[in-house]
Amino acid sequence: MPNYTFVVNGKTVTVDAPADLPMLWALRDKLKVRGPKYGCGINVCKACTSHLDGEAFNPCVTPVSDCAGKEVTTIEGLADGENLHPVQEAWLEQDVAQCGYCQPGQIMAAVALLKKTKNPTDADIDAIQNVCRCGTYFRIREAIKSAAAKM
Ligand code: FES
Ligand code: FES
């Protein structure tokens with residue numbers, strides 16, 4: 001099998017994998033980075049949302065070969081050492097999570113939104129497609145607004 005090298009959460013790593021292996025499995029099974037969750041595997045639920053070269057992407061439908069030479073950031077790579085990202089702080093402040101399963105993806109989607117849109121409207125926030133089966137959408141909206149005000 002070929003080798004693919006990329007940066008995950010600031011560390012250069014190489015995995016030996018078939019070219020079409022979904023990046024989600026490279027992260028979770030080969031690299032033991034389990035923040036990105038598996039929900040649907042078909043780019044619908046967005047539970048796996050992470051960043052590829054700073055843009056939100058869904059590793060369940062991105063082949064490992066497409067990530068070669070790029071920078072992948074997962075929820076594990078968001079904090080700066082002991083200092084949480086402002087979006088993570090806002091999530092705690094608003095007590096957003098219920099079961100928590102969708103939340104790594106929700107936070108990564110929120111961070112990607114705030115990079116592009118400093119003061120998102122309700123419509124901008126509602127355009128996030130990440131599914132939360134516990135229905136935490138109201139608190140997600142409040143947390144994104146709170147983080148936006150502080151960033
Ligand atoms: S697992 Fe559902 S979008 Fe990736
Ligand atoms: S917190 Fe349970 S699925 Fe979102």
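Tyrosine 4 stands opposite valine 15 of β2. In this predicted model, local features require a pLDDT of at least 70 and side-chain atom pairs count only at pLDDT 80 or more, while totals for chains, interfaces and linings use all residues. Residues are numbered from 1 along each chain as its sequence is written, chains are lettered from A and ligands numbered from 1 in the order in which they are written, and side-chain values use heavy atoms, with hydrogens and water left out.

Strands β1 (residues 3–8) and β2 (residues 11–16) run antiparallel and are joined by six bridges; strands pair if DSSP finds at least two bridges between them. Helices (H or I, at least four residues) and strands (E, at least two) are DSSP runs, numbered from the N terminus. Two residues lie between the strands of this hairpin, where asparagine 9 takes a positive phi near 50°.

## Nonpolar cores

The largest nonpolar core comprises 20 residues, and Leu78, Val87, Trp91, Ile107, Leu114 and Ile144 have the most contacts inside it. Such a core is a set of buried Ala, Val, Leu, Ile, Met, Phe, Trp, Tyr and Cys residues joined through side-chain atoms within 4.5 Å, where buried means under 20% relative accessible area (1.4 Å probe, protein chains only). At least two residues of this core come from each of α2 (86–93), α3 and α5 (137–150), and α3 gives the most, with seven residues.

Isoleucine 107 is in contact (heavy atoms within 4.5 Å) with Ile75, Leu78, Val87, Gln88 and Trp91, leaving aside its neighbours within four places in sequence.

The largest pocket holds about 310 Å³ of space. Its lining has 17 residues, of which Ala56, Ala109, Ala112, Leu113 and Ile128 are the closest to its centre. A pocket is an open set of points on a 1 Å grid over the protein atoms alone, where a 1.4 Å probe fits, with protein on both sides within 12 Å along at least five of seven lines; lining residues have an atom within 4 Å of a point. The volume is the space filled by probe spheres set on the points, which are joined across faces, edges and corners.

Both β4 (55–57) and α3 (103–116) supply at least two lining residues of the largest pocket, and the largest share, five residues, comes from α3. The second largest pocket has a volume of about 180 Å³, and its lining includes Cys40, Cys45, Cys99, Cys102, Cys132 and Cys134.

Definitions and conventions
Buried < 20%, exposed > 50% of the residue type's maximum accessible area, 1.4 Å probe, protein only.
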